[in-house]
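Subject: Structure for your review

Dear colleague,

Please find the structure below, handed over for your study.

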Amino acid sequence: MMDRRRFLGAGLSALILPQQSQSDADRLYDPRAAGRSRAPVGELDNSELVKSIERRLKCTCPCNLDVFTCRTTDFTCEYSPAMHREVMALVAAGQTSEEVIADFVSRYGERVLMAPPAEGFNLAGYLVPGVVVLLAGGALAAVLLRRHRLAAVQAAETPPSPPGDSVTEADMERLKRALSEVAD
């Protein structure tokens, strides 16, 4: 005997998707099958030493994130888990964080670092933005100070205007005549 779910599923699959077989229509989506398989978590996976090393290393995928952030947020990345395993293997072998970083730099080059070392030409990347900001701030301060001084000089050179009571005697006589004509 066929239950209602199978009956409706078979009817819909025959109407809507005639090319699918019955086994495809009966198969449900299994979310555990999607993505990559996950290995069990060990002691080194969440070690602060491993996290600090991974935060200094850039993932080699195009995401431009550090290895720790990439492996914990982008579950489709295939590079960060491999780099994580490499870091854990080097730490388990007894290497310090600086030795692990040096090992990655020797294999991938300086592009694997999140921040370049402050030596040689890389110093320009650290110093030039600060110098440019200071020079721009100084130039802006000089322009504003000059404008303030020019406004003060112009205010001192122009005499204050007289009050609005600058009426002559002739104007007063004319006003009196006009008022007397209106009153009459």
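A residue counts as buried if its relative accessible area is under 20%, as exposed if that area is over 50%, and as partly exposed in between. Please note that this is a predicted model.

With a relative accessible area of 0%, Phe104 is therefore buried. Tyr108 has a relative accessible area of 24%, so Tyr108 is partly exposed.

A search of the whole structure finds 1 aromatic pair. Phe104 and Tyr108 form this pair, which is stacked, with 5.8 Å from centre to centre and 20° between the planes. Both residues lie in helix H6, which covers residues 97–108. They are 4 residues apart, or about one turn of the helix.

Charged side chains also lie over aromatic rings. Arg107 is placed over the face of Phe104, at 4.9 Å from the ring centre. Elsewhere, the charged end of Arg55 sits over the ring of Phe68, 4.4 Å from the centre of that ring.

How do H5 and H6 pack, and at what angle? Helix H5, residues 79–92, packs with H6 at an angle of about 135°, and their axes are 10 Å apart. H5 is therefore oblique to H6. The crossing in which H5 passes H6 is right-handed. On the H5 side, the residues that meet H6 are Met83, Glu86, Val87, Leu90 and Val91. Their counterparts in H6 are Val100, Asp103, Phe104, Arg107 and Tyr108. The stacked residues Phe104 and Tyr108 are thus among those that meet H5.

Yours sincerely

Definitions and conventions:
Residues are numbered from 1 along each chain as its sequence is written. This is a predicted model: local features need pLDDT of at least 70, side-chain atom pairs count only at pLDDT 80 or more; totals for chains, interfaces and linings use all residues. Side-chain values use heavy atoms; hydrogens and water are left out. Rings of Phe, Tyr and Trp (its six-membered ring) pair if their centres lie within 6.5 Å; planes under 30 degrees apart count as stacked, over 60 as edge-to-face and the rest as tilted. Helices (H or I, at least four residues) and strands (E, at least two) are DSSP runs, numbered from the N terminus. Buried means under 20% relative accessible area, exposed over 50%, partly exposed in between (1.4 Å probe, protein chains only). A charge sits over a ring if NZ of Lys or CZ of Arg is within 6 Å of the ring centre and within 35 degrees of the ring normal. Axes are lines fitted to C-alpha atoms, for helices over the stretch in contact, and angles run from 0 to 180 degrees between N-to-C directions. Angles under 35 degrees count as roughly parallel, over 145 as roughly antiparallel, 65 to 115 as roughly perpendicular and the rest as oblique. A crossing is left-handed if the near helix is turned anticlockwise from the far one by less than a right angle, and right-handed if clockwise. Contact means heavy atoms within 4.5 Å.
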